[in-house]
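Visitor: Please take me through one part of this model in detail, starting with a turn and the strands on either side of it. After that, please go on to the other places that deserve a careful reading.

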Amino acid sequence: MEVLFTREVSFTHAGTPSGVLPVPFQPSVTLLSVSNVGLSFGATELFKNITFTVADGERWGIIGRNGAGKSSIFKIITGEYEPTVGSVARKPGLRHALLDQHRAFEGATTVWEAGAAAWRDVIDLEKHIAQQAMQLGEMSERVTDEFLERFGRDQERFADLGGYEYHSRVDAVLQGLGFDAEESKTRLVQTLSGGERGRVGLAAQLIAPADLLLLDEPTNHLDLDTTTWLQEWLGEAKETVIVVSHDRAFMDAVCTNIVHIEAKTSESYKGNYSQFVPQRAERRLTRERELEKQRAYVKKEEEYIRRNLAGVNSFQAKGKRKRLERLPRLAPPPGDPAAMSLRFDVSERGGDQVTTMKDLRVEVPGRVLVEDFTAVLRRNDFVALVGPNGAGKSSFIATILGDRTPAHGEVRVGGSITPAWFRQDLSDLPLRKSLADVIQEHRPTWSRGAVQNHLGAFGFSGDEVFREISTLSGGERARMALARMTLARANLLVLDEPTNHLDVENIEVLEDALDEYEGTVLLVSHDRAFLRQVATRVWSFEGNRLVDFDGPFDEWEADRARRSVGKR
């Protein structure tokens, strides 16, 4: 389906040079229209009345709580799911690219082949043309007109399919996502880590010839540099994009529109995430005012009816009653279940020198991660530890907390310091225990009601508290880790990628909790909005050196940008 939009455009004579006609407005072409879509699984309704329209060149962000159905909307767009109600209209021949969550890269041996997976037919044609060229050389004067015609047709088709451009596209995207393009031609897929597989999958999606990119949490496996590259690439390529993300800085840089999934339905907004926030607040306020105005009107009319129904004005009272019965009643503004309630208390103040590192070296077999680092982590510091994926951030943290032995130098943690560690992989959660049992172990004197109340603050209610941790989703495990962490009453919080599995609302709750926290924080994150909000100091990896920047994250970003310009 193709829908054309028009708008009025006014021109002034002063603004139009003599003899030059103004450029007419080119209406946007609709690629996708989702209209009143609902999805149910049996008696369970996931969402309803989802409506938005994507025009060519727009970049939509889908936001909402974990479990709201954002990924299911992608499956409806691609046709994997049929909506229970409503309709999806796609531009004829619409090509979409969706990240392969299985990341099997079937048929690909090397990283380069995996990245170029969508061009497999073109690659096969390229090989066939190369074989024909060799045959042509061998045939010499014996070549036939039929062979030449077929060779010419194949070359023309190769050009039409983008065969002369795809090589540079594959190289550029792999390079931008942190892979050496030349090395990728020989590096085997089977040697990739989980995070690297995620980046290769994203590369394959970006490289694929498509009219519409469907990006599901694309920044999850990206560091600060590759995230910046991705948002710049999307802007310069003018791709049409629908993205599910909890990365507010990324959505600010990329999105032209937002669709917010809340209370099983959707609302659309023009602009990026920062522009969405005040718009949503204004809409809520307007609806609340309209609702209060209607309630006051209904109350006044009902009072009139009550006083006059049996009196001389009974005719008017009955008329008002009929009109009230037909009056469409306004609903309260939609709202999702509340985000978690989070507070980090400390049992004691702790000393001014939380952790002291002197001439510290951190190594893994065959590689030095950190060389000759000397610093003092001070009380009330909120330090952001930043660097490329694989730089050694988690190994550095493990060394500071005593899980690893320094290769050289020393680390001393203050005697009155109590640390609590949020691990990136959440591997310290006991998978075979129930949520309630884990909390009870940390608070053996608590009653069952107190345990349930504590877990309720983190979004676990009723019989959910008796679920095994192994059955929880990533977001639920992250909330459970925080629920347990608050019981430590630690004066040093070490947070390794705490926002990876949290939705935006819960990330903002975490920000508020850290804002009120009276201890010290060492933080690893790629969420720039989060880091800008909480970090007061930055330790950044530059090769195997850690550089200490004594200032907030946004100032570090500006300083880094200045230094980058100076190197050019």
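**A hairpin and its surroundings**

Guide: In the hairpin built from strands S1 and S2, two residues lie between the strands, and Gly 42 adopts a positive phi near 65 degrees. This should be read with the caution that the model is predicted. The strands themselves span residues 30-41 for S1 and residues 44-55 for S2, and they pair in the antiparallel sense over eight bridges. One of the pairings can be followed residue by residue: Thr 30 has Ala 55 of S2 as its bridge partner.

A hairpin is also formed by S10 and S11, with two residues between them, and in its turn Gly 366 has a positive phi of about 85 degrees. Here strand S10 covers residues 353-364 and strand S11 covers residues 367-378, and the pairing, antiparallel in sense, runs over eight bridges. Within this pairing, Glu 363 finds its bridge partner in Val 368 of S11.

Turning to the helices, H5 (residues 166-176) packs against H7 (residues 224-237) at an angle of about 140 degrees, with the two axes 9 Å apart. That angle makes H5 oblique to H7, because the roughly antiparallel class is kept for angles over 145 degrees. From H5, the residues Arg 169, Ala 172, Val 173 and Gly 176 meet Thr 226, Trp 229 and Trp 233 of H7. The residues of this contact between H5 and H7 divide into four nonpolar, two polar and one charged.

Helix H12, which runs over residues 435-442, has Leu 435, Ala 436, Val 438 and Ile 439 buried. These residues lie on the same side of H12, because they cover an arc of only 160 degrees around the axis. Among the elements that cover the buried residues of H12 are helix H13 (448-456) and helix H14 (474-485).

Leaving aside residues up to four places away in sequence, Glu 301 touches Lys 320 and Leu 324.

How values were computed:
Residues numbered from 1 in each chain as written. Predicted model: local features only at pLDDT ≥ 70, side-chain atom pairs only at ≥ 80, totals over all residues. Heavy atoms only, no water. Buried < 20%, exposed > 50% of the residue type's maximum accessible area, 1.4 Å probe, protein only. Helix = DSSP H or I, 4+ residues; strand = E, 2+ residues; numbered from the N terminus. Arc of directions from axis to C-beta. Contact = heavy atoms within 4.5 Å. Pairing = 2+ DSSP bridges. Axes fitted to C-alpha atoms, helices over the stretch in contact; angles between N-to-C directions. Parallel < 35°, antiparallel > 145°, perpendicular 65-115°, else oblique. Nonpolar A, V, L, I, M, F, W, Y, C, P; charged D, E, K, R; others polar.
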